[in-house]
Amino acid sequence: MNLNSANPIYELCRAALIQLRGLWRYRVHGLAFAWILCVGGWTTVYLLSDVYEARARVYVDTDSVLKPLLGGMAVPTDVIGQVRLMTEALLSGPQLEEAARETGLHLRAQSPREFEALLNALRLKISIEGGRDNLYTISYVDSDRAFAQRLVQTLLDSFMEETLDENREDSTNAERFLDQQIASYAQRLDDAESQLAEFKKANVGLMPGNRGDYYTRLQNAMRDLEETRAAYRIARNRRDVLQQQLEGERPTWGIMQRGQASAAERQLQSQLESYQQQLDVLLLQYTEMHPDVMAIREVMADLENRLAEQRRNPTSAPQLQFDEGVVTLNSLDLNPVYQRTKIALKDTEVELVALQGKLAKEKADVDELQRMVNVIPEIEAQLAALNRDYDVNRSQHTALLKKLEILRLSQDMGESDNDKFRIIDPPNVPLKPVAPDRRLLLVTVLVAGLIGGFGLMFFLHQLNPIFSTRQQLWDVVGLPVLGAISLMRTATQQLTFRKQSTMFGAGVVMLLLFYGLALMFLETGVPWVQSALAAEPAL
Amino acid sequence: MSIIEKALQKLQDAGRVTPAIRLPPPPEIDVEVTRDEEIQGSSQPRSSDGRAVTRPGRVAIDLVRMRSLGVVAPEAFAAHAEDEYRRLKWPLLNNVMRQDSVEVPGANLIMVASSLPGEGKTTTAVNLAMSFARERDCTVLLVDADVAKPHLSEIFGLQSQAGLIDVLLDDQLDVSDVLVRTDNDALRILAAGSPYRSAPELLASNRMKMLIRELAERYSDRIMVFDSPPLLETNEAQVLAGLVGQIVLVVQADKTPQPAVLEAVGLLDTTKAINLVLNQGRTLPGSHYHGGYYGYNKTDGKSDRRYPGNWT
């Protein structure tokens, strides 16, 4: 007996209505359940304590705060990751516990475990959002307004102090480091200076000074030496010649008794020699027939005659103390040329001595300079090195001093303007509670109650299946269904039915009325109920 | 209808008396009830408790009363209700007609049963019987086999009438002695009888079986409709179910739990022709039947057709 049509929507509707018919027999149960749920729910709503939210906005330099936490790992660039880490940073440390103690949270706990539980609850209730542009919003909800504000404030304060301390510590460390460095460099500088001074002192004669480069000096010295040598040689030659002329070693004018040649003899001798020389020169060019040659021969012959004469007849000329303290003044001595020669000789000898001295000195100089060929450049190099060291040290030292100055300046600045952590909006707790939204909750309870009642009906219906249609009879029992008989009610039954219906309707209406009352007396009722029952504020 | 009844009816209509199911005094039947044990040797048959039972006369089918009890549909829907019961009876009649073939032995014995009490067996039985009685060439015997709670007998005012129990107890008594005629010739009623403590055992006894068989043979041209006790509450119903040929299991819509029905069906002999009837069903949209939910309007007894819809 298949009464179904092929239309699925129709079937769906029919099936739904059949189900509803089955549910309907439990309507009273459903209503009662709904009543229980609603009344219970509304009472709870009345008993809920208001919850307030404290909010504060802070600026946190995410990187610098998170870096030490992550110990080398990269700071996440996505905001969500940053916020999460920031939350950990703020809440996992001992700051939370400190803040809790400071604000008196621990008074709410009876035992350490309870306190721990309270702390954990606290962690859950503090939420951190934001993260863009390093701005974070910290919020905390609690039923106690003042407490919420205090807690957030304390938390922020402690965190700020900690970062401040860190900052301070950092700069103290930096300062200390710099001081150390500066001290060491100063020491080095001193050492370098003293070394330099020592060096200069030790090699005072070898300092470049105004003399210029060593090699130039050596060259000059050698040149001087050469010059002096040349001068000496020349002077010596001159002396020798003069001497010879004076002593008559050159037999220029005849035979003479050695050792007793008088000045005149000598003079004649030298004249003869000079004429001889002239003759030699002339003879190179001209023959004997040349007039000059003949002239000179005549003169020479004359002079020889005179010389011989002189030697035969030595005149008694006054002698002067000359060599070895005895100078025999003779005619020769009175010869002006002879005198002049003698003077020249003296001069030359004097010069010679002077030159000797000079020579010696210059030789010594050269030797000295030569000797120092290897030494002076080294010294100069050393000096250059020492100078360089000194310069480098000095520049480092100066740089460090500068850094220290900057650090000190920034520190002074930092005391009043913390880079890492700044409160932008201080904790603020609005007077209006953030939860619970009682109106919404009332409606929700009503709806939930109705649904619950309906659910109960459904549940009971499922537990006790009945037959609503002939189709069901056929489907379930499998026996032929003769037919169906309509519902009939007697007057009494009708009355009862109406009474029941009215009561049921009244029950539903009352429920709605109760809801209306609950809604109306929300403002006044809540405090009254709460104070009447002396409910503790929930944490 | 007696004056007293009329008066009561008026009072009901005026709304002053809330009628409980308080039955009016039994209608007049020509039965003399005497507790005179000293009347000896009466030719009249006696019931088990010594009452003299005369051949019962007629009982009037008081439709108004039955309407007031809710057994019969209100007037405005009489035709509709007739229609419904007609549909029920035809398959049953079919089985009766085909009795000559082996298919349904004892098909003229129809038991109206239910799993649990209060599902509408009696109502169904009565209406079904009345529907059968309208058939031509058909006579119906309506038997109140629910001896523990003889509602059927009460409806017809036969609660003190000797009936089935008496027949079972007294060998001397015969069914024909206690059958009650109605103003419809086709319809006869066998009341439950005197209250008897071990009535269930009695009904389950051999005597009952033999009686039924006898009835089936004697009244093979009659349809016998048995109003039986609930299957799950009593044992004798099960026994009776074994004796009849057709079983009409009444299931009350939106009330009887499915498992109960299934259990009841499980108790039945599946070789019998078992049919189901959904009682007190409400309408659902989109059904094929023409029907409606109706009930009484308190003030004028007129029916109050509220949801003209279709039947499931």
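Student: Start with chain B. What share of its 312 residues is buried?
Tutor: This is a predicted model, and in it 52% of the 312 residues of chain B are buried.

Student: And how many helices and strands does chain B have?
Tutor: Chain B has 11 helices and 10 strands.

Student: Among contacts in chain B with a separation of 6 or more, what percentage is between residues 24 or more positions apart?
Tutor: That percentage is 75%.

Student: Let's zoom in. Where is B:Leu142, and is it buried or exposed?
Tutor: B:Leu142 sits in strand S3 of chain B, residues 139-144. B:Leu142 counts as buried because its relative accessibility is 0%, and the cut-off for buried is under 20%.

Student: What is B:Leu142 in contact with, leaving aside neighbours within four places in sequence?
Tutor: Its contacts include B:Ala125, B:Val126 and B:Ala129, and also B:Leu152, B:Phe156, B:Leu187, B:Ile189 and B:Val225. B:Arg188 is one of the partners of B:Leu142 too. Take B:Ala125: it is 17 residues from B:Leu142 in sequence, with a C-alpha to C-alpha distance of 7.8 Å.

Student: Backbone angles next. What is phi at B:Asp137 and at B:Asp254?
Tutor: For B:Asp137 phi is near 55°, a positive value in a residue other than glycine. For B:Asp254 phi is near 60°, again positive and in a residue other than glycine.

Student: Where are they, and are they buried or exposed?
Tutor: B:Asp137 is in the loop between helix H4 (121-134) and S3 of chain B, and it counts as exposed because its relative accessibility is 79%. B:Asp254 is in the loop between strand S7 (246-252) and helix H11 (258-267) of chain B. With a relative accessible area of 12%, B:Asp254 is buried.

Student: Now chain A. Which strands does S1 pair with?
Tutor: Strand S1 (residues 52-60) of chain A pairs with strand S3 (residues 135-142) of chain A, antiparallel, over eight bridges. S1(A) also runs antiparallel to strand S4 (residues 421-428) of chain A, with five bridges joining them.

Student: Which residues form the nonpolar patch with A:Phe521?
Tutor: A:Phe514, A:Leu517 and A:Met520 form it together with A:Phe521, and the four have about 400 Å² of accessible area together. A:Phe521 is in the loop between helix H16 (491-520) and helix H17 (522-533) of chain A. At 46% relative accessibility A:Phe521 counts as partly exposed.

Student: Last one: how many disulfides over all chains?
Tutor: The count is zero.

How values were computed. Residues numbered from 1 in each chain as written. Chains lettered and ligands numbered in written order. Predicted model: local features only at pLDDT ≥ 70, side-chain atom pairs only at ≥ 80, totals over all residues. Heavy atoms only, no water. Helix = DSSP H or I, 4+ residues; strand = E, 2+ residues; numbered from the N terminus. Buried < 20%, exposed > 50% of the residue type's maximum accessible area, 1.4 Å probe, protein only. Contact = heavy atoms within 4.5 Å. Disulfide = S-S within 2.5 Å. Pairing = 2+ DSSP bridges. Patch = residues over 30% accessible without salt bridge, like charges linked within 9 Å, V, L, I, M, F, W, Y side chains within 5 Å. Areas by Shrake-Rupley, 256 points an atom, 1.4 Å probe, with all protein chains shown as cover. Salt bridge = Lys/Arg side-chain N within 4 Å of Asp/Glu carboxyl O.
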